[in-house]
Amino acid sequence: MSLSGVLCADAIQNAVKDCQAPESFCCKKFFQLCGLSQKSPKEVKDVFRILDDDHSGFIEEAELKFFLQRFVPGARVLTERETKAFLSAADDDNDGKIGIDVIFLMCAKMSK
């Protein structure tokens with residue numbers, strides 16, 4: 001399954017375009033722009049599985065660096081500061097990785 005099977009291709013393009021400049025990425029805004037915050041729990045889980053490149057059940061810092069490229073091949077790499085800010089915003093137990101439950105919570109908060 002590809003991300004465009006869950007999210008609208010135009011919305012993905014717009015979300016990636018919005019954060020083209022270094023230090024402009026905001027995970028919450030990105031989730032809203034690409035439409036993830038409006039998806040069902042099953043759809044969020046499908047997206048999470050695609051983003052979990054090593055299939056560990058978590059998204060680690062190394063995977064976050066290439067987050068935008070999972071949406072659009074050739075997109076820029078997140079800066080170290082953006083990667084750490086994303087991890088900090090989503091790593092609720094400070095274990096250095098993001099689980100599916102946290103992504104569900106982030107999306108649920110944004111949809112209200």
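Glu23 lies in the loop between helices H1 and H2, where helices (H or I, at least four residues) and strands (E, at least two) are DSSP runs numbered from the N terminus. Its phi angle is near 70 degrees, a positive value in a residue other than glycine. With a relative accessible area of 39%, Glu23 is partly exposed; buried means under 20% relative accessible area, exposed over 50%, and partly exposed in between (1.4 Å probe, protein chains only). The model is predicted, so local features need pLDDT of at least 70 and side-chain atom pairs count only at pLDDT 80 or more, while totals for chains, interfaces and linings use all residues. Residues are numbered from 1 along each chain as its sequence is written, and side-chain values use heavy atoms, with hydrogens and water left out.

Asn94 belongs to the loop between H6 and S2, and it counts as exposed at 67% relative accessibility.

In soluble globular proteins, nonpolar side chains tend to be buried together. What does Phe30 touch, not counting residues up to four places away in sequence? Its partners are Ala15, Val16, Cys19, Phe25, Phe67, Leu68 and Phe71, a contact being heavy atoms within 4.5 Å.

An α-helix has 3.6 residues a turn, so residues three or four places apart point the same way.

An unreviewed UniProt entry places a "binding site" feature at Asp91, Asp93, Asp95 and Lys97; UniProt positions follow the numbering used here, feature names are shortened, and annotations may be inferred rather than shown by experiment. Of these positions, Asp93 sits in the loop between H6 and strand S2 (97–99), whereas Lys97 is found in strand S2. Lys97 counts as partly exposed at 28% relative accessibility. Leaving aside neighbours within four places in sequence, Lys97 is in contact with Phe58, Ile59, Glu60, Leu87 and Asp91. The unreviewed entry in UniProt also places "domain: EF-hand" at residues 39–74. Over residues 39–74 the chain is 58% helix and 8% strand, with the end C-alpha atoms 25 Å apart.

How many disulfides does a search of the whole structure find? The search finds zero, a disulfide being a pair of cysteine sulfur atoms within 2.5 Å. The sulfur of Cys8 is 10 Å from the closest cysteine sulfur, in Cys34, and is therefore too far for a bond. For Cys26, the closest cysteine sulfur is in Cys27 at 5.6 Å, which is also too far for a bond.
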